[in-house]
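I opened my notebook and loaded the model. I wanted to look up the overall build, then a few residues, then a pocket.

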Amino acid sequence: NLANPASHLYWRGAMGSPGPDDNYITVVVNSAEDIDYVGIARHNFGTGIIVVSIEGQSTNGSAWVELVGETMFANDDPVIFRFVPQSLFAVRARLQGSQLETPVDHEAGVMYVGKLLILQRRIYVGHTPITYGRSTNVVTGKSESGNFLGRIIIGESRSSEVKMQNLTPGWYRTYLDPFIVSAQQYPF
């Protein structure tokens, strides 16, 4: 289910108790291109107090090398692990046992492995990072006399915009256009 961009289908790895029990999510890559990130969304690694690290394998059967050290999360927001670009045969996420008193199963909805799109030019003033581009739709309850009674959130989203100038045609055709075509059907 992790290979499907639909986040309502998720992978679940059983966890018996806190301690040495680990789960691994392994992705075998069929191309010789460099890999420099792993992205995971719709997970419970923060609320489950699950320690995550990323490992890579350069050839079939070679030793696994740690690419990103052990990480704990404050919440269950989507996460991108970045590391030095390198040619890898396989990448895996190592999920250690839940540290809760009553352990939870590991869960993840989407996992991406690949090469990050690095912009050709800098981002200048006026850009709002997506983490701060919040938009919330609310309904505010008021009494007949106008007193505030509470608020109900009916929708939330985040958005960002990047204005790019002076891109070379070669860079656009090689990197940005394939990204835009893919983004029409798949989230990123």
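I began with the words helix and strand: helices (H or I, at least four residues) and strands (E, at least two) are DSSP runs, numbered from the N terminus. By that rule I found I80 in strand β6, residues 79–87.

Then I noted the ground rules. The model is predicted, so I kept in mind that local features need pLDDT of at least 70, that side-chain atom pairs count only at pLDDT 80 or more, and that totals for chains, interfaces and linings use all residues. Residues are numbered from 1 along each chain as its sequence is written, and side-chain values use heavy atoms, with hydrogens and water left out.

**Entry 1: the whole chain**

I counted one helix and eleven strands in the protein chain. Along the sequence I read β-β-β-β-β-β-β-β-β-β-β-α. The radius of gyration is 20 Å, well over the 16 Å that the globule rule gives for 188 residues, so the protein chain is more spread out than a compact globule. For this value I used C-alpha atoms, and the globule rule is 2.2 Å times the number of residues to the power 0.38. I also looked up the box that the C-alpha atoms fill: roughly 75 × 55 × 25 Å, taken along the principal axes.

Next came the surface. Accessible areas come from the Shrake-Rupley method with a 1.4 Å probe, and for residues only the protein chains shown count as cover. The protein chain exposes about 12,400 Å², and carbon and sulfur atoms supply 51% of it. I then sorted residues by relative accessible area: buried is under 20%, exposed is over 50%, and partly exposed is in between (1.4 Å probe, protein chains only). Of the 188 residues, 28% count as buried.

I checked contacts too, meaning heavy atoms within 4.5 Å. Among contacts between residues at least 6 apart in sequence, 72% join residues at least 24 apart.

Is I80 buried or exposed? I80 has a relative accessible area of 53%, so I wrote down exposed. Not counting residues up to four places away in sequence, I80 touches Y37, V38 and G39. I also looked at V52, 28 residues from I80 along the chain, and read 12 Å between their C-alpha atoms.

Then I turned to E55, which is found in strand β4. E55 is buried, with a relative accessible area of 10%. Which residues does E55 touch, leaving out those up to four places away in sequence? I listed Y24, W64, V65, E66, L67, A90, V91, R92 and R94.

Most residues other than glycine have a negative phi. I looked for residues that go against this.

I49 has a positive phi of about 50° although it is not a glycine. I49 lies in the loop between β3 (34–41) and β4 (52–57). Its relative accessible area is 29%, so I49 is partly exposed.

N166 also has a positive phi, about 60°, and is not a glycine. I found N166 in the loop between β11 (148–158) and α1 (169–183). N166 counts as exposed, at 63% relative accessibility. Leaving aside neighbours within four places in sequence, N166 is in contact with Q120 and R121. The C-alpha atoms of N166 and R121 are 7.8 Å apart, although the two residues are 45 apart in sequence.

**Entry 2: a pocket**

Rolling a probe the size of a water molecule over the atoms shows where empty space is left. On a 1 Å grid over the protein atoms alone, a pocket is an open set of points where a 1.4 Å probe fits, with protein on both sides within 12 Å along at least five of seven lines; lining residues have an atom within 4 Å of a point. Grid points are joined across faces, edges and corners, and a volume is the space filled by probe spheres set on the points.

I read a volume of about 220 Å³ for the second largest pocket. Of its 13 lining residues, the closest to the centre are I123, Y124, V125, K163 and M164.
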